[in-house]
Amino acid sequence: NRTPNDGDRFYVSVKTSEDVGLPAQGVEDILVALLKLTAQTGFDNPSVSISRYELLKMMKWDNNGRHYRKLERMLDQLVQLTVKTNAFYNPKKESYFRSTFNILDSADYDDAGDSELRIRWASKIFEIFHYGYMKQLDTEFYYSLGNSTTKRIYRWLDKHLTLHPTIEIDVLRFALKVLGYGVSYKYPSQVIQKLGPYLDELYDEGFCRWEVESSLSDSGKKFVFNRITLYTSVLYPRRDYVVEALENRGLNQGAEKLV
């Protein structure tokens, strides 16, 4: 985790109890699924419900006891997880702000695998959802990818390649800042060798091309990504922003109802 002592502009610190430990591989699958369910409500309700069986099916996890136990353990972790960061952006104030928050307030379910799972986002993170813009993610494509690292790379690239057709980033910076790799990866060649198969998967699936070029960046090497697939950028602004914009343009009566 990046902390205030690392000398970087932004930091994120993650803590949890020793009883449950920190979430590991697979937790992003759960968060993507829960965000999709919440987005389907228009981000109007901090609570969503789905059976554990349907959630496993959505994430393309095998329907077996091991995955039920993994899901339960990670839900416990997300309830007890505390995040501290200064990297949240408020577009209305055009400034970053610091926040300390939990991910989930609760996760309730019966022992039966087909019983309803009821999760509730913690109040602060649900508020944070409404500070900025939520971009659509092709969850079918995301869950079709075969590795958690590939999925993480895809999420980052999908966000940035929506804004720009080509993305360039220093190889070591990509490993550290995007993927959270530790200082053991000191040389660009190590990162390229490690990430090559994951990037090849995204190319083989028709998402993006990638190559490595020499650069004047810190490591002397940079990744260059070019998107292959056609896409449409879809943004979800806060409801009150839309109402305010309409009222500023003369629609003084009925703006709220129209939105």
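Reply: What follows describes helix H3 and then several salt bridges. The model is predicted, so local features need pLDDT of at least 70 and side-chain atom pairs count only at pLDDT 80 or more, while totals for chains, interfaces and linings use all residues. Residues are numbered from 1 along each chain as its sequence is written, and side-chain values use heavy atoms, with hydrogens and water left out.

Helices (H or I, at least four residues) and strands (E, at least two) are DSSP runs, numbered from the N terminus. Helix H3 covers residues 65-80, 16 residues in total. From its first C-alpha to its last, H3 reaches 23 Å, close to the 22 Å expected at 1.5 Å a residue; the expected span is 1.5 Å times one less than the number of residues.

The buried residues of H3 are His67, Tyr68, Lys70, Leu71, Met74, Leu75, Gln77 and Leu78. Buried means under 20% relative accessible area, exposed over 50%, and partly exposed in between (1.4 Å probe, protein chains only). An α-helix has 3.6 residues a turn, so residues three or four places apart point the same way. The cover over the buried residues of H3 includes helices H1 (27-39) and H2 (52-58), along with strands S5 (104-108) and S6 (116-121); contact here means heavy atoms within 4.5 Å.

The structure holds nine salt bridges, each a side-chain nitrogen of Lys or Arg within 4 Å of a carboxyl oxygen of Asp or Glu. One of them joins Lys60 and Glu140, whose closest N and O atoms are 3.6 Å apart. Lys60 sits in the loop between H2 and H3 and Glu140 in helix H5 (residues 139-144), so this pair ties together parts that are 80 residues apart in sequence. Lys60 is partly exposed, at a relative accessible area of 45%.

Arg118 pairs with Glu116 in another salt bridge, again with 3.6 Å between the closest N and O atoms. Both ends are partly exposed: Arg118 has a relative accessible area of 34% and Glu116 one of 41%.

In the salt bridge between Glu168 and Lys222, the closest N and O atoms are 2.9 Å apart. This pair links distant parts of the chain, with Glu168 in strand S8 (residues 166-170) and Lys222 in strand S10 (residues 221-227), 54 residues apart. Glu168 is partly exposed at 49% relative accessibility, whereas Lys222 is buried at 16%. Finally, a network of salt bridges links Glu28, Arg152 and Arg155.
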